[in-house]
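Trainee: Please show me how to read the features of a model like this. I would like the general idea, then the case.

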Amino acid sequence: MTLFFFAIFVSMTIDEVYKFVQLMANKENRGWIKPTEFNLLAKRSQLDLIKDRVGIVSNTGGEEGYRENSRFYDELYPVITYDVGINSSAGTNDFAFPAGYLYFLGARFNDREVEMLDHGDLTRRRNSELNPPSGEFPCGVIQSGGIRIFNTGGPSVGGLLRLTYISEPTAPNWAFTIVNNVEIYNASSSTNFVLPESTHKELAHRILSYIGVSLREQNIVEYGTTTVVEKT
């Protein structure tokens with residue numbers, strides 16, 4: 001009955017997620033999850049869900065994700081930062097990632113769409129006589145700390161990059177006060193999940209899968225991971 005109720009009631013506060021996780025992990029006294037442990041796993045589950053939605057490299061070398069699916073935007077819109085202007089570093093072709101940057105979505109350089117390439121493709125493009133980088137068709141690569149743009153046979157010099165990206169969400173936090181040596185939920189100091197209600201069930205299942213690994217409890221691992229696989 002508890003599982004059925006949770007499946008249909010997916011909009012949850014951080015306190016409700018915590019109570020559900022406690023209920024599942026503490027069945028038959030398997031283990032009790034401290035608030036600090038829960039907060040750590042809650043942050044990790046939110047970041048891992050975002051990573052899976054953006055895309056991960058498969059065993060065949062391809063990328064599996066949700067880029068062309070409306071679900072990607074429905075579930076990640078709170079962490080999508082759109083069209084942020086970034087000036088180059090001292091007139092160079094390098095543009096530093098903004099604070100909180102997680103994953104690249106798109107970019108424009110001097111109002112021209114940037115084609116992002118891997119480093120091997122960039123070398124071939126720069127040496128191409130038919131289709132080299134140009135002012136109309138700039139190219140870019142991701143490197144340590146930022147993006148490098150090319151719009152000529154050599155690197156570009158100066159300009160404005162406008163970047164759209166996934167930003168790091170605020171970490172969820174189940175805050176509490178101590179009363180008679182017991183942690184009591186403090187709603188005013190807590191931070192709910194940034195991601196929308198459609199992800200809350202999966203976030204709880206991810207937390208349970210992490211807890212199952214920590215407790216070496218196979219039933220919890222299987223319950224958490226199986227549900228996540230079905231969801232993704």
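Mentor: We will go through salt bridges, cores, rings, a helix, a sheet and backbone angles.

Mentor: This is a predicted model, so local features need pLDDT of at least 70, side-chain atom pairs count only at pLDDT 80 or more, and totals for chains, interfaces and linings use all residues. Residues are numbered from 1 along each chain as its sequence is written, and side-chain values use heavy atoms, with hydrogens and water left out.

Trainee: How many salt bridges does the structure hold?

Mentor: Side chains of opposite charge can pair when their charged atoms come close. Here a salt bridge is a side-chain nitrogen of Lys or Arg within 4 Å of a carboxyl oxygen of Asp or Glu. The structure holds 13 of them. Take aspartate 48 and arginine 44, which meet at 3.0 Å, N to O.

Trainee: Where do aspartate 48 and arginine 44 sit relative to each other?

Mentor: Helices (H or I, at least four residues) and strands (E, at least two) are DSSP runs, numbered from the N terminus. Both residues belong to helix H3 (residues 35-54). They are four residues apart, so about one helical turn separates them.

Trainee: Is aspartate 48 buried or exposed?

Mentor: Buried means under 20% relative accessible area, exposed over 50%, partly exposed in between (1.4 Å probe, protein chains only). Aspartate 48 is at 13%, so it counts as buried. Arginine 44 has 40% and is partly exposed.

Trainee: Which residue forms a salt bridge with aspartate 52?

Mentor: Arginine 206 does, with the closest N and O atoms 2.6 Å apart.

Mentor: Relative accessibility is 6% for arginine 206, and 1% for the buried glutamate 202. Shared partners join Asp52, Arg53, Glu75, Glu202 and Arg206 into one salt-bridge network.

Trainee: Which residues touch the most other members of the largest nonpolar core?

Mentor: A nonpolar core is a set of buried Ala, Val, Leu, Ile, Met, Phe, Trp, Tyr and Cys residues joined through side-chain atoms within 4.5 Å. The largest one has 27 residues, and Val17, Phe38, Leu76 and Ile207 touch the most other members. Helix H2 (14-25), H3, helix H4 (70-76) and H6 each supply at least two residues. H2 gives the largest share, seven residues.

Mentor: Now look at isoleucine 207. Contact means heavy atoms within 4.5 Å. Leaving aside neighbours within four places in sequence, isoleucine 207 is in contact with Val17, Val21, Phe38, Leu41, Ala42, Ser45 and Phe193. A second, separate core of 12 residues includes Phe95, Tyr101, Phe109 and Leu163.

Trainee: How many aromatic pairs are there?

Mentor: Rings of Phe, Tyr and Trp (its six-membered ring) pair if their centres lie within 6.5 Å; planes under 30 degrees apart count as stacked, over 60 as edge-to-face and the rest as tilted. The whole structure has eight such pairs. In one of them, tyrosine 18 and tryptophan 174 have ring centres 4.3 Å apart and planes at 45°, so the pair is tilted. Both residues are buried. Ring pairs link Tyr18, Phe38, Trp174, Phe176 and Tyr185 into a cluster.

Trainee: What is the strand order in the open sheet of four strands?

Mentor: Two strands pair if DSSP finds at least two bridges between them. The order is E4-E9-E8-E7, with mixed pairing. Strand E4 (94-96) and strand E7 (115-116) are the edges, each pairing on one side only. E4 and strand E9 (residues 146-150) pair antiparallel over three bridges.

Trainee: What is the phi of aspartate 83?

Mentor: Most residues other than glycine have a negative phi. Aspartate 83 has a positive one, near 55°. Aspartate 83 lies in strand E3 (residues 80-87). Asparagine 180 also has a positive phi, about 55°. At 74% relative accessibility, asparagine 180 counts as exposed.
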